[in-house]
Amino acid sequence: MSTRKHQRDDRGSAGPDTTEKVVTRDAGRLTWWLTGGSVLLVGALVAVVVTVIEGGDGTVAPDPARVAELEASAADRHVDQVAELIEHTRAAHEELVPVLESLDEALPEEGSDSAGDLPDSDTIADWSRTTDNARAHLDHAESGETGFNVTHAGLRGSVDVLGSTLDALDVAVAADEEQSAELLELTVDLRDQAVRAWSVAATQLDVISIDAGHGHIHLSPGSGALEPDEAEDGDEAVDGAPGHQDH
């Protein structure tokens, strides 16, 4: 009995107990990453982003010169972003206007008679491809200031609604007479929503363009709830503004 106990004790002490070492090693690494590593990272970011000065009362405040530099850089980026959005919106507008004019002929406003036969599926497919190409012009903008983001989202959203308009029209031309009439009403409503949405977004684009120093920019869909003001494109532009282009 004593022999088995002695053997069991020997086996128990024969292998090294590494539990404490493993836990200590892992805990040490984890502690460094959560403390020393994080402190170094945060310290580096603070050093890069802002230089601090200590006032006479011991308080820490940002360096006004560095803050002004960062604000100027953000303002220049906004001006350039607006210029780029104007360029892409103008390209999209040039592609969309013929589609809207064709829709106006096929689907006059509510209460008006159609000016001609409904387009066939091949024609609608061509319009859809054109709309997709126009949408692609508005797909690549990076996030910016709130006014810029709202304008960009509004423009893309209006083109999306126009795409839904063409989908509904395609179903309408293939439906029987009763269903076609209902679907055409939906199509007209969607077309009008797309035009109104573009009008609002284009007005907002005019606002941020003036604010960014590029002057007025009028890209009306041709008809809609909001008509542009009487100013000419480029009016109120600031000469020498970063990213400024003549319109």
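Begin by selecting Glu109, which you will find in the loop between helix H3 (64-106) and H4; keep in mind throughout that you are looking at a predicted model. Glu109 counts as exposed, because its relative accessibility is 56% and the cut-off for exposed is over 50%.

Next, select helix H4 (residues 121-136) together with helix H5 (residues 146-174), whose axes come within 10 Å and cross at roughly 170 degrees. The two helices H4 and H5 are therefore roughly antiparallel to each other, as angles over 145 degrees count as such. To see where they meet, show the side chains of H4 residues including Ile124, Trp127 and Thr131, and those of H5 residues including Val159, Leu162 and Leu166. Sorted by class, this contact of H4 with H5 has 7 nonpolar, 4 polar and 4 charged residues.

Finally, move to Thr89, whose place is in helix H3. Is Thr89 buried or exposed? Thr89 is buried, with a relative accessible area of 1%. If you set aside its neighbours within four places in sequence, Thr89 is in contact with Leu138, Leu155, Trp198, Leu205 and Leu219. A polar atom of the Thr89 side chain also lies 2.7 Å from the backbone oxygen of Leu85.

Definitions and conventions:
Residues are numbered from 1 along each chain as its sequence is written. This is a predicted model: local features need pLDDT of at least 70, side-chain atom pairs count only at pLDDT 80 or more; totals for chains, interfaces and linings use all residues. Side-chain values use heavy atoms; hydrogens and water are left out. Axes are lines fitted to C-alpha atoms, for helices over the stretch in contact, and angles run from 0 to 180 degrees between N-to-C directions. Helices (H or I, at least four residues) and strands (E, at least two) are DSSP runs, numbered from the N terminus. Angles under 35 degrees count as roughly parallel, over 145 as roughly antiparallel, 65 to 115 as roughly perpendicular and the rest as oblique. Contact means heavy atoms within 4.5 Å. Ala, Val, Leu, Ile, Met, Phe, Trp, Tyr, Cys and Pro count as nonpolar, Asp, Glu, Lys and Arg as charged, and the others, Gly among them, as polar. Buried means under 20% relative accessible area, exposed over 50%, partly exposed in between (1.4 Å probe, protein chains only). A polar contact is a pair of N or O atoms within 3.5 Å; within protein, one must be able to donate a hydrogen and the other to accept it, and residues adjacent in sequence count only if both atoms are side-chain atoms.
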